[in-house]
Amino acid sequence: MRAGPDRLVLREGGPFRLVCLPYAGGSARSFSGLVRQVTEDWTVVAAQPPAEQDDGKAPDLNELADHYAQLLAEDLAGPGIVLGHSLGAAVAHRMALRHAARWPATLHLVLSAPLRPGPPVCQVAGLDDPSLLAVARSHGIVPDLGVPDEVVARMLLPELRQDLAALGTAGWAPEPVPAPVHLLGGTEDRTSPPFVLTELADQLAARDTRWVRGGHLFVMDQPEETFAALRKIAGCPPGRRPAVAPAPAVSLVAEPLAEPSPEPPVVASPAPEPPDAATAPSAS
């Protein structure tokens, strides 16, 4: 039930760019909560996942990467960040790999809650709706919308199936890319646990790994902490939020907007054992 333009400008701002690629089952408007934390010196753009192809097949990772690269061509410029969350992280990585020659040195690639490389943990082929919903909830990859299961199935599962199908049976491979890579993880993420990010940091030669409190959808659940981490990754000075925040866009598939956390914006320690700084690699 995703609707709206393929490329959505969530905030017009300053020179720093934040380009968002959503998780499986999500949409461009899934980042509405994060946008409420963005300061005036940032412009935020999000991509809407493409519709199913005419032949009924879901696009694979290469097709998604090329689609987004073309759709967001004017936005892939520094200084700034391409933020891919969950499945979006795999797509963002593939985009940086396939379009490396045109990737600006000042455009950071942030893989947020990246899925485990290799065959997908959440296999969707052959699962009926109740089984798929149960698996998705066990992995924390669907938001809690507070509505009956039949409504969730109607609202989320068609897009979730399509998006996860992009991984195929092989999943994604963390090949090194020339873009400056950073990892962002949730301290309680069951789908992308700390040891996965530790391995990915070595495989991708990531510049740093940062942590935000929460599970797999921490970008939506902890937007203030998430944006604080993104500002540090981009190396931009503290900015000022607009005097009047924009009204959040309404979307049936977007999770409820989270209120800003009263606690400090960045978790300085990875899970499960805290090191000295937020940029330290995670413990396995």
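Modeller: The account below starts with the model as a whole, then turns to the cavity and to the cores.

This is a predicted model, in which local features need pLDDT of at least 70 and side-chain atom pairs count only at pLDDT 80 or more, while totals for chains, interfaces and linings use all residues. Residues are numbered from 1 along each chain as its sequence is written, and side-chain values use heavy atoms, with hydrogens and water left out.

The protein has eight helices and seven strands; these are DSSP runs, numbered from the N terminus, with helices being H or I of at least four residues and strands E of at least two. Of its 284 residues, 56% are buried, where buried means under 20% relative accessible area, with a 1.4 Å probe and protein chains only.

Four cavities of 30 Å³ or more are present in the structure. A cavity is a set of points, on a 1 Å grid over the protein atoms alone, where a 1.4 Å probe fits but cannot get out; its lining residues have an atom within 4 Å of a point. The second largest cavity has a volume of about 80 Å³, a volume being the space filled by probe spheres set on the points, which are joined across faces, edges and corners.

Its lining consists of L21, P22, Y23, A24, P49, L64, Y68, L87, G88, V91 and D163. By class, nine lining residues are nonpolar, one is polar and one is charged; Ala, Val, Leu, Ile, Met, Phe, Trp, Tyr, Cys and Pro count as nonpolar, Asp, Glu, Lys and Arg as charged, and the others, Gly among them, as polar.

In the largest nonpolar core, of 53 residues, V82, M95, L109 and L160 touch the most other members. Helix α5 (residues 149-165) gives the most to this core, with eight residues. Such a core is a set of buried Ala, Val, Leu, Ile, Met, Phe, Trp, Tyr and Cys residues joined through side-chain atoms within 4.5 Å. Apart from it lies another core, of 30 residues, among them L8, V35, A46 and M220.

Key. On a 1 Å grid over the protein atoms alone, a cavity is a set of points where a 1.4 Å probe fits but cannot get out, and a pocket is an open set with protein on both sides within 12 Å along at least five of seven lines; lining residues have an atom within 4 Å of a point. Buried means under 20% relative accessible area, exposed over 50%, partly exposed in between (1.4 Å probe, protein chains only).
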